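This report is meant for someone meeting the structure for the first time.

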Amino acid sequence: MVKIQDLKQIFILESMPDHLLALIGQEAQLSIFSSNTCLFKAGEAVDTFYMLIMGQVALTVALNPDVDVILENIQSGRTFGSSALISGGPAAYSAICQEPCETITLSGARMQKIFETNPELGFYMMAGVARQYKKTMDIRAKMIMKTLEQHPEMKVSIHDIEKLTPAY
Amino acid sequence: MVSLDLLKKIQFLRDLPDDILEKISPLARLETFDPDTILVRQNQEQHLVYMLTAGRICLNTRSDAGTILTLDEITPGRSFGVSALLGNASATFTAVCTEPCEAITLYGEQMQQLFASDYTAGYAVMGRVAQLFKDRMNKHTRQFLHSLSIHPAINPV
């Protein structure tokens with residue numbers, strides 16, 4: 001059980017009505033993780049949705065056995081593991097606590113069941129998740145553009161479709 | 001108004017139940033566009049969702065330094081401008097018709113009114129928006145990581 005005041009610290013829940021926050025609060029759990037805890041690994045199924053209250057979590061991908069790329073550092077108020085609330089599917093990244101972290105967690109399977117009987121809650125959560133994805137997508141697109149400008153030779157290797165090929 | 005049969009040709013809508021598609025149908029319009037028509041401009045607010053039924057559209061993005069890249073090429077059955085469903089969302093790209101195009105359009109504001117009056121429809125559609133964004137983001141990230149992984153500085157030899 002998590003208090004509404006704590007849930008209001010999470011960006012994607014900011015516009016959610018209190019009666020829905022109360023429902024989430026009943027399902028949510030407060031968890032504390034120590035530094036370097038791996039919350040899930042790339043390729044594994046994600047069954048928990050995480051909302052960070054305190055600390056920092058790195059989302060990383062292994063390029064090869066020697067090199068990990070940090071896609072993003074998640075800080076307080078942000079969420080990750082959204083796949084647990086939609087179709088599931090394997091994680092595209094590993095989530096590793098960079099410092100001691102306090103999180104609010106929700107079981108993805110449990111929440112998906114609740115969404116079916118309470119579509120109002122489902123709608124608000126999905127809208128929040130979609131906005132978060134959009135924001136992340138925009139940040140990542142800028143990161144990619146910036147890197148390609150600094151290393152134009154990389155454009156040559158991006159060839160397997162319509163995606164990110166030089167226009168002119 | 002657009003028929004359910006035509007709406008079902010759009011990947012984004014295909015799996016929605018008929019009763020939800022019947023609510024979307026009267027809000028949808030079928031429009032045609034000439035080549036080189038700019039449908040969406042980067043950084044401007046998006047009001048319409050476009051679902052392509054014929055033709056081809058390029059989604060281009062321009063960096064702060066002016067470099068232009070094609071992020072994606074939209075073919076029939078695919079959608080873009082879905083951010084319009086979220087309200088107050090600016091476009092990440094500029095969308096240009098590269099040939100004569102036919103597209104189903106939906107006003108974001110009208111769809112938001114539908115969602116507010118029918119949360120079942122709102123949940124179903126917004127779940128697809130989240131999935132679409134996730135897939136698109138993962139696709140671009142995977143491709144970028146692939147190019148990094150074979151870069152000589154990362155992978156000498």
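## Elements of chain A

Helices here are DSSP runs of H or I with at least four residues, strands are runs of E with at least two, and both are numbered from the N terminus. Counted in this way, chain A has four helices and nine strands, and it should be kept in mind throughout that the model is predicted. Read from the N terminus on, the order of these elements in chain A is α-α-β-β-β-β-β-β-β-β-α-α-β.

Of the 168 residues that make up chain A, 37% count as buried. Among the contacts in chain A with a separation of 6 or more, 71% are accounted for by residues 24 or more positions apart.

## The sheet of chain A

Strands of a sheet pair through backbone hydrogen bonds, and they may do so in a parallel or an antiparallel way. In chain A, four strands form an open sheet with the order S1-S8-S3-S6, and the pairing is antiparallel. The edge strands are S1 and strand S6 (79-80) of chain A, each of which pairs on one side only. Helix H3 (residues 108-117) of chain A packs on this sheet, where it touches S3 and S8 of chain A, and its direction makes about 50° with that of S8(A).

The pairings can be followed residue by residue. Strand S1 (residues 29-33) of chain A is joined to strand S8 (residues 101-107) of chain A over five bridges in the antiparallel sense; within this pair Leu30(A) stands opposite Ile104(A) in S8(A), while the bridge partner of Ser31(A) in S8(A) is Thr103(A). Strand S3 (residues 48-54) of chain A also pairs with S8(A) in the antiparallel sense, over six bridges, and here Met54(A) has Glu102(A) in S8(A) as its bridge partner.

## The sheet of chain B

Chain B holds an open sheet of four strands in the order S1-S8-S3-S6, with antiparallel pairing. Its edge strands are strand S1 (29-33) and strand S6 (79-80) of chain B, and each of them pairs on one side only. S1(B) and strand S8 (residues 101-107) of chain B run antiparallel and are joined by five bridges, with Leu30(B) standing opposite Ile104(B) in S8(B). Helix H4 (residues 108-117) of chain B packs on the sheet and touches strand S3 (48-54) and S8 of chain B, its direction making about 45° with that of S8(B).

## Where the chains meet

How many residues of chain B are in contact with chain A? There are 43 of them, and they are in contact with 43 residues of chain A. On the side of chain B that touches chain A, the elements giving two or more residues are strand S4 (57-62), strand S5 (68-74) and helix H5 (119-149) of chain B. H5(B) gives the most to this side, with 23 residues. By class, the residues of the side of chain B that touches chain A divide into 19 nonpolar, 19 polar and five charged.

The axes of helix H4 (residues 119-150) of chain A and H5(B) come within 8 Å and cross at roughly 20°. Because angles under 35 degrees count as roughly parallel, H4(A) is roughly parallel to H5(B). The crossing in which H4(A) passes H5(B) is left-handed, and the contact of these two helices, H4(A) and H5(B), has 18 nonpolar, seven polar and five charged residues.

Technical notes. Residues numbered from 1 in each chain as written. Chains lettered and ligands numbered in written order. Predicted model: local features only at pLDDT ≥ 70, side-chain atom pairs only at ≥ 80, totals over all residues. Pairing = 2+ DSSP bridges. Contact = placed C-beta atoms within 7 Å. Nonpolar A, V, L, I, M, F, W, Y, C, P; charged D, E, K, R; others polar. Buried ≥ 20, exposed ≤ 12 C-beta atoms within 10 Å, placed from the backbone. Axes fitted to C-alpha atoms, helices over the stretch in contact; angles between N-to-C directions. Parallel < 35°, antiparallel > 145°, perpendicular 65-115°, else oblique. Left-handed = near helix turned anticlockwise from the far one by under 90°.
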